[in-house]
Amino acid sequence: MSQIDYSLSGYERPKLQTPNGETKLLMHSCCAPCAGEIMEALAASEIDTTVFFYNPNIHPQEEYELRKEENIRFAEKLGMPFIDADYNKDDWFARIKGQEDEPERGARCTTCFDMRFEVTAAYAKAHGFDLISSTLGISRWKDMNQINGCGMRAADVFDGITYWDFNWRKQGGSARMLELSKQEEFYQQEYCGCVYSLRDTNKWRVSRGREKVERGVKFYAEAMQSLSNTSNK
Ligand code: SF4
């Protein structure tokens, strides 16, 4: 029995179809490492895709700018339209108030996903898109059901907007995500994004005798050896 080659160079990408023949996809993106493989898959499928970078959760602003610039760099390489949305971090903090001590994948993250999807869906409705999705779900650190629930809830508010719950991890997607990140030498963030995830990652590291996160210095090409232990993407 022949084995499928899922590697970046060997994988014969299937032509993906949108769920109901939708023609314009607004793809919410959280960062270049998660988005890269998905953007490649969509480009290969000739699905009309625009990347929507809306992440007011990312803290501090230098980290936000770095993650965004990495994503812009790859969008330009593929010739894929990129929307640089608002960094309304004060609204994010106001919305999260009272959930600061929730663990990752808990209620705070639902609030955070809801906010990002609501803005994505509203933008899609206002600008002629009929389909939304997100790169968030490709990360093994995330709860895909939690993300999909938030995406569907946001899309349901608007007539003519569908949420696409495609599982980007399958058919070698997770492995190619890492391979592509290395190939493109993407910035390798080591915490989910918000100040609370940075706090908790540092607490966890210190409790194990490790150094705290050093932001802005790690890029995938240099860091592949320790990916399985340290990456938060
Ligand atoms: S841990 Fe990540 S998903 Fe959860 S609230 Fe923070 S930034 Fe948002």
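## Helices on a parallel sheet

Helix α4 (residues 107–126) lies across β1, β2 and β4 (131–134), running at about 155° to β1. Helices (H or I, at least four residues) and strands (E, at least two) are DSSP runs, numbered from the N terminus, and axes are lines fitted to C-alpha atoms, for helices over the stretch in contact, with angles from 0 to 180 degrees between N-to-C directions. This is a predicted model, in which local features need pLDDT of at least 70 and side-chain atom pairs count only at pLDDT 80 or more, while totals for chains, interfaces and linings use all residues. Residues are numbered from 1 along each chain as its sequence is written.

The pLDDT (the predictor's confidence in each residue, from 0 to 100) averages 93 over the chain, and 94% of the residues score at least 70. Over residues 225–233, however, the pLDDT is below 50, and this stretch has 14 contacts in the model beyond near neighbours in sequence; two residues are in contact if their C-beta atoms, placed from the backbone, lie within 7 Å.

The sheet is open and holds five strands in the order β3-β2-β1-β4-β5, with parallel pairing, where two strands pair if DSSP finds at least two bridges between them. Because β3 (82–84) and β5 (162–163) stand at the edges with a single partner strand each, one side of each is left without a neighbour in the sheet. Strand β2 (residues 49–53) runs parallel to β3 and is joined to β3 by three bridges, and F52 has I83 in β3 as its bridge partner. Helix α1 (residues 32–44) also packs on the sheet, where α1 touches β1 (25–29) and β2, and the direction of α1 makes about 165° with that of β1.

Helix α4 also packs against two other helices, α3 (residues 89–96) and α5 (residues 144–156).

| Helix pair | Angle | Axis separation |
|---|---|---|
| α3 and α4 | about 140° | 10 Å |
| α4 and α5 | about 40° | 8 Å |

The helices α3 and α4 are therefore oblique to each other, a class left for angles that are not under 35 degrees (roughly parallel), over 145 (roughly antiparallel) or 65 to 115 (roughly perpendicular). In their contact, W92, R95 and I96 of α3 meet R108, T111, C112 and M115 of α4. These residues divide into four nonpolar, one polar and two charged, with Ala, Val, Leu, Ile, Met, Phe, Trp, Tyr, Cys and Pro counted as nonpolar, Asp, Glu, Lys and Arg as charged, and the others, Gly among them, as polar. The contact of α4 with α5 has eight nonpolar, four polar and three charged residues.
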